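Dear colleague,

The structure we spoke about is below, with the sequence. My notes on packing and backbone geometry follow it.

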Amino acid sequence: MATPFDPYLLPAGQGLRNRLVLAPMTTYSSYDDGTIRESEVEYLRRRAAGGFGMVMTAACYVHPSGKAFRGQWSCADDRFLPSLRSVADAIRSEGAFAVLQIHHGGRQCPSELCGEVPWSASAVASERPNAETPRAMTEEDVETAIRAYADAARRAFEAGYNGVEIHGANTYLLQQFVSPHSNRRDDRWGQERLAFPLAVTDAVLEAVPTGYPIGYRFSPEETETPGIRWADTARLIDALCTRPLAFLHVSLRDHRGSSLNEEFDEATLVRAARQIGGRLPLIGVGGVKVLDDAQRVLDLGADLVALGRIGISDPEWPRHAQSGQPIRTKVPSHNAEEILTIPAGLAARIASVPGWFEVEEATPAEAR
Ligand SMILES: Cc1cc2nc3c(=O)[nH]c(=O)nc-3n(C[C@H](O)[C@H](O)[C@H](O)COP(=O)(O)O)c2cc1C
């Protein structure tokens with residue numbers, strides 16, 4: 001059985017030094033136009049130096065209409081190439097595999113950030129407090145968005161990333177087309193709800209050289225009714241497996257968790273791995289803290305294991321885990337920015353959401 005420290009070869013032959021992935025995490029700190037700040041570069045440089053085999057970036061918006069967070073990175077124009085390159089260079093200089101996550105927020109974009117009524121498959125608001133009602137994308141908008149994802153992938157290649165992850169998870173635009181909650185269209189983009197994500201995937205693959213690694217992240221289920229159920233996801237997986245992708249990435253809150261809606265005992269990660277059946281590599285994620293957790297993700301059927309919050313609280317997690325040193329599971333309440341090399345916007349965000357991260361009191365030396 002593979003361990004998290006074993007090297008890994010992607011389908012087109014690119015090598016990873018181990019199976020540990022820093023999960024994509026938004027850093028809320030870029031300049032207003034989407035240019036990446038130096039503190040965001042240093043945050044990822046330190047995690048790459050800490051031993052992760054693959055480092056995924058924050059979600060980066062592919063078109064101005066897709067900006068979902070204050071301080072979000074942009075890959076929506078060629079003028080961002082130097083900004084994007086600064087991160088790719090930093091990650092690669094530390095021996096890690098650099099992956100840019102490309103994203104459009106769809107109906108989750110506040111109009112004050114995306115500058116217009118948010119776009120989505122249909123004019124249906126999400127079931128969240130104060131959610132704005134989006135407008136249904138026109139045929140022209142759909143074409144614009146497909147082009148924008150493809151151009152973003154081409155920019156990632158030109159900026160020196162080793163690969164790209166298409167963000168099809170966590171309720172954003174691509175998932176909104178898959179979901180019967182947000183996609184009520186009766187045209188070709190609604191009769192086949194997978195049509196848009198697959199058109200994006202194909203356009204992205206077309207925009208980069210053959211064999212350049214492209215992955216796809218998806219959320220397997222929604223709790224809304226109507227909403228995405230496992231049968232939808234099984235179809236999505238089967239369709240994606242016919243494409244020359246580098247990996248699939250199942251977005252899970254807890255890697256041990258089973259279905260949110262249906263009476264299945266087994267972990268959703270196990271079902272995803274079985275559905276894929278070895279046709280593409282699978283990245284698992286969710287609630288990994290210590291080495292045993294990472295090993296369990298592989299044992300449940302994933303090929304690679306992604307670490308999110310624990311990669312923020314312990315930038316050197318891979319090194320610490322491999323050498324048997326203690327893992328830092330809590331974010332210090334003081335000076336976290338300096339101690340952990342976290343950009344200010346991310347530190348503020350962590351502090352503002354109670355219970356999201358474990359917080360520890362600073363030691364006297366650190367608090368000084
Ligand atoms: C601060 C923060 C920002 C995140 N931003 C993104 C993102 O930009 N793209 C994405 O796909 N997931 C994002 N996520 C989700 C993580 O990639 C991951 O799936 C989730 O945190 C579960 O893993 P964990 O339990 O190891 O933290 C974010 C999570 C955190 C904590």
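Helix 9 and its surroundings

The buried residues of helix 9 pack against helix 8 (230-240), strand 11 (247-250), strand 12 and helix 10. Those buried residues are Thr268, Leu269, Arg271, Ala272, Ala273 and Ile276. Buried here means under 20% relative accessible area, exposed over 50%, and partly exposed in between (1.4 Å probe, protein chains only). Contact means heavy atoms within 4.5 Å. Helices (H or I, at least four residues) and strands (E, at least two) are DSSP runs numbered from the N terminus.

This is a predicted model, in which local features need pLDDT of at least 70 and side-chain atom pairs count only at pLDDT 80 or more, while totals for chains, interfaces and linings use all residues. Residues are numbered from 1 along each chain as its sequence is written, and side-chain values use heavy atoms, with hydrogens and water left out.

Gly277 follows helix 9 and has a positive phi, near 55°. Leu280 lies in the loop between helix 9 and strand 12 and counts as buried, at 7% relative accessibility. Leu280 and Ala246 are 34 residues apart in sequence, but their C-alpha atoms are 6.8 Å apart in space. Leaving out residues up to four places away in sequence, Leu280 touches Leu240, Cys241, Arg243, Leu245, Leu248 and Asp303.

Helix 10

In helix 10 (residues 291-299), the buried residues are Asp293, Ala294, Val297 and Leu298. Seen down the helix axis, these fall within an arc of 145° and so line one face of helix 10; the arc is that of the directions from the helix axis to the C-beta atoms. Their cover includes helix 9 (268-276), strand 12 (282-285), strand 13 (304-307) and helix 12 (317-323). Gly301 follows helix 10, with a positive phi near 125°.

Cores

A nonpolar core is a set of buried Ala, Val, Leu, Ile, Met, Phe, Trp, Tyr and Cys residues joined through side-chain atoms within 4.5 Å. The largest has 105 residues, of which Ile102, Tyr161, Phe196, Leu248 and Trp317 touch the most other members. Helix 4 (residues 139-158) supplies the largest share of this core, nine residues. A second, separate core of 15 residues includes Tyr8, Leu10, Ile283 and Val285.

Helices 4 and 7

The axes of helix 4 and helix 7 (residues 195-207) come within 8 Å and cross at roughly 35°. Axes are lines fitted to C-alpha atoms, for helices over the stretch in contact, and angles run from 0 to 180 degrees between N-to-C directions. On the helix 4 side, Val142, Ala145, Ile146, Tyr149, Ala150, Ala153 and Arg154 meet Phe196, Ala199, Val200, Ala203, Val204 and Ala207 of helix 7.

Ala159 touches Leu81, Leu84, Arg85 and Ala88, not counting residues up to four places away in sequence.

Backbone points to check

Most residues other than glycine have a negative phi, and most peptide bonds are trans. Asn170 has a positive phi of about 55°, and Thr171 has one near 75°. Asn170 is partly exposed at 29% relative accessible area, and Thr171 is partly exposed at 23%. The peptide bond from Thr225 to Pro226 is cis, with omega near -5°; Pro226 is in the loop between strand 10 (214-218) and helix 8.

Regards
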